[in-house]
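I opened the notebook to look up charged side chains and helices. My entries follow the model below.

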Amino acid sequence: SGTEIKYDPENKAGVANLLTIYSVLSGKTIQQLENDYVGKMYGHLKVDLAEVVVQTLKPVREKYDDLMKNQDHLDALLVKGAERAAERAEATVKKVYEVSGLIKRR
């Protein structure tokens with residue numbers, strides 16, 4: 001209820017959450033954001049926050065798009081990772097068999 005954009009986690013948890021996200025992503029203090037939105041509606045805050053989120057994630061999206069252009073490289077990374085995981089798992093399984101006294105099946 002109400003239209004005032006104020007940080008009040010108890011009575012306006014949703015607005016407080018949006019202000020926290022906006023503050024973290026933009027580097028502005030919550031007080032600065034409250035001052036910026038005096039006399040404005042929730043919709044203004046939501047639209048502006050959405051733009052901040054889009055701009056914050058833009059480098060991640062660009063890197064993702066760049067990586068997806070080279071499937072061969074990604075496949076090679078997956079194979080290398082799987083090989084490293086198998087080596088580590090083999091050593092762990094060996095220790096488990098030794099400690100537990102189980103007989104390893106061949």
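I am working on a predicted model, where local features need pLDDT of at least 70, side-chain atom pairs count only at pLDDT 80 or more, and totals for chains, interfaces and linings use all residues. Residues are numbered from 1 along each chain as its sequence is written, and side-chain values use heavy atoms, with hydrogens and water left out.

**Entry 1, salt bridges.** How many salt bridges does a search of the whole structure find? I get three. My criterion is a side-chain nitrogen of Lys or Arg within 4 Å of a carboxyl oxygen of Asp or Glu.

I take helices as DSSP runs (H or I, at least four residues), numbered from the N terminus. Is glutamate 34 buried or exposed? Glutamate 34 is buried, at 8% relative accessible area. Lysine 6 is partly exposed, at 34%. My cut-offs: buried is under 20% relative accessible area, exposed is over 50%, and partly exposed is in between (1.4 Å probe, protein chains only).

Aspartate 36 is partly exposed, with 34% relative accessible area. Lysine 28 is partly exposed as well, with 32%.

**Entry 4, aspartate 65 and arginine 61.** Their side chains form a salt bridge at 3.3 Å, N to O. I checked the spacing: the two are four residues apart in helix 3 (residues 42-68), so about one helical turn separates them. Aspartate 65 counts as partly exposed, at 33% relative accessibility.

I placed lysine 12 in the segment before helix 1. Lysine 12 is buried yet has no salt bridge. Which side chain of opposite charge is nearest? I find glutamate 4, 4.9 Å away. For charge, I count Lys and Arg as positive and Asp and Glu as negative, leaving out His and the chain ends. The lysine 12 side chain does reach the backbone oxygen of glutamate 4, at 2.5 Å.

I checked the span of helix 4 (residues 71-100). Its 30 residues should span 44 Å at 1.5 Å a residue, and the end C-alpha atoms are 42 Å apart, which agrees. The expected span is 1.5 Å times one less than the number of residues. Glycine 101 follows helix 4, with a positive phi near 80°.

How values were computed:
A polar contact is a pair of N or O atoms within 3.5 Å; within protein, one must be able to donate a hydrogen and the other to accept it, and residues adjacent in sequence count only if both atoms are side-chain atoms.
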